[in-house]
Amino acid sequence: MPDTAYASDTAASNTSLRAYLYGLPGVDEVGAQARAADLSTRSIKTTAKRAAIDLAISMVDLTTLEGADTRGKVRAMSAKAAHPDPADPSVPRVAAVCVYPDMVETAVAALRGTGVGVASVATAFPSGRAPLEAKLADTRAAVAAGATEIDMVIDRGAFLSGDLRKVHDEIIAVKEACGTAHLKVILETGELATLDNVRRASYLAMLAGADFIKTSTGKVAPAATLPVTLVMLEAVRDHHAATGRRIGVKPAGGIRTTKDAIKNLVLVNEVAGAAWLDPALFRLGASSVLNDLLMQRTRLTTGTYPGPDYYTLD
Ligand SMILES: O=C[C@H](O)COP(=O)(O)O
């Protein structure tokens with residue numbers, strides 16, 4: 001298990017940061033793939049499935065991140081986030097909606113009083129290619145408009161070329177610009193090439209003050225694969241054991257079905273532990289998983305699937 005020596009290194013040079021992150025135990029890629037594959041075949045009892053579906057719904061960050069997003073679309077998505085099935089008030093609300101910064105005001109107005117959070121992808125999403133001042137302005141604007149959560153992307157170019165200090169310091173600066181808003185740090189694992197890098201980027205984000213580590217923007221493939229989520233869950237588990245601080249995990253991108261969602265919940269339970277089975281510590285970032293969760297929930301309750309047109313589009 002990694003020690004806490006980095007605590008004193010955070011004020012030091014890129015060299016000591018690099019020495020710490022490259023001194024982490026390596027990831028056994030074959031073992032991680034095998035464990036993720038093994039856990040993904042676990043079935044859960046029908047009696048537990050309804051509770052799992054409700055938990056998954058309550059963990060969704062319902063997302064729209066398209067250039068063609070409109071205020072109308074964000075209002076409709078926000079209504080669905082607060083009342084996923086208007087005909088069934090027992091369906092829980094989702095955790096948050098996730099939108100571009102210019103849509104925060106619309107989402108905040110639509111969600112006032114519902115308890116649904118508003119997350120925004122600041123910091124030049126999805127590339128992360130902008131001067132730090134622009135990233136900070138982006139973050140401050142989203143927070144000023146009422147965002148309760150900021151999903152920032154790391155500078156993968158800096159990370160991959162070894163400028164870990166730049167990535168670290170940008171996260172610290174964005175965290176400060178967040179004020180009381182929670183910070184999720186997107187690693188864009190599909191661009192990090194190895195699971196060792198996923199582990200290093202996870203620790204880098206955690207030691208810079210991330211509240212959550214998030215796999216992907218949803219704009220790069222592969223996105224939220226199970227082995228990647230497994231490595232990130234191990235990182236938050238070990239970080240908690242070393243520091244007493246619990247960091248959340250958010251797989252995002254390509255999560256489309258109830259099966260995908262439940263595989264993730266099994267992974268959370270088996271790797272990080274039951275404490276993470278909570279929207280405060282685990283989210284599913286997805287633009288289109290909610291309808292399948294609602295359909296499977298209805299099937300469990302009534303024995304039949306609702307027609308494909310029963311629910312509004314995700
Ligand atoms: O953060 C969430 C992702 O952008 C959503 O990706 P998705 O459209 O593949 O569900």
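Helix α5 crosses helix α6 in a right-handed sense; a crossing is right-handed if the near helix is turned clockwise from the far one by less than a right angle, and left-handed if anticlockwise. The model is predicted: local features need pLDDT of at least 70, side-chain atom pairs count only at pLDDT 80 or more, and totals for chains, interfaces and linings use all residues. Residues are numbered from 1 along each chain as its sequence is written.

Helix α5 spans residues 71-82 and helix α6 residues 104-111. Helices (H or I, at least four residues) and strands (E, at least two) are DSSP runs, numbered from the N terminus. The two helices pack at about 35°, with axes 9 Å apart. Axes are lines fitted to C-alpha atoms, for helices over the stretch in contact, and angles run from 0 to 180 degrees between N-to-C directions. From α5, R71, V74, R75, S78, A79, A81 and A82 meet T106, A107, A110 and L111 of α6 (contact: C-beta atoms, placed from the backbone, within 7 Å).

Strand β1 (residues 60-63) pairs with two strands, β8 and β2. Pairing requires at least two DSSP bridges. Strand β8 (residues 284-286) runs parallel to β1, joined by 3 bridges. V60 is bridged to L284 there. Strand β2 (residues 96-99) is also parallel to β1, again over 3 bridges. Here L62 partners V97. From β1 the chain passes through α5 to β2, a right-handed β-α-β crossover (clockwise from the first strand over the helix to the second, with the strands pointing away from the viewer).

Technical notes:
Contact = placed C-beta atoms within 7 Å.
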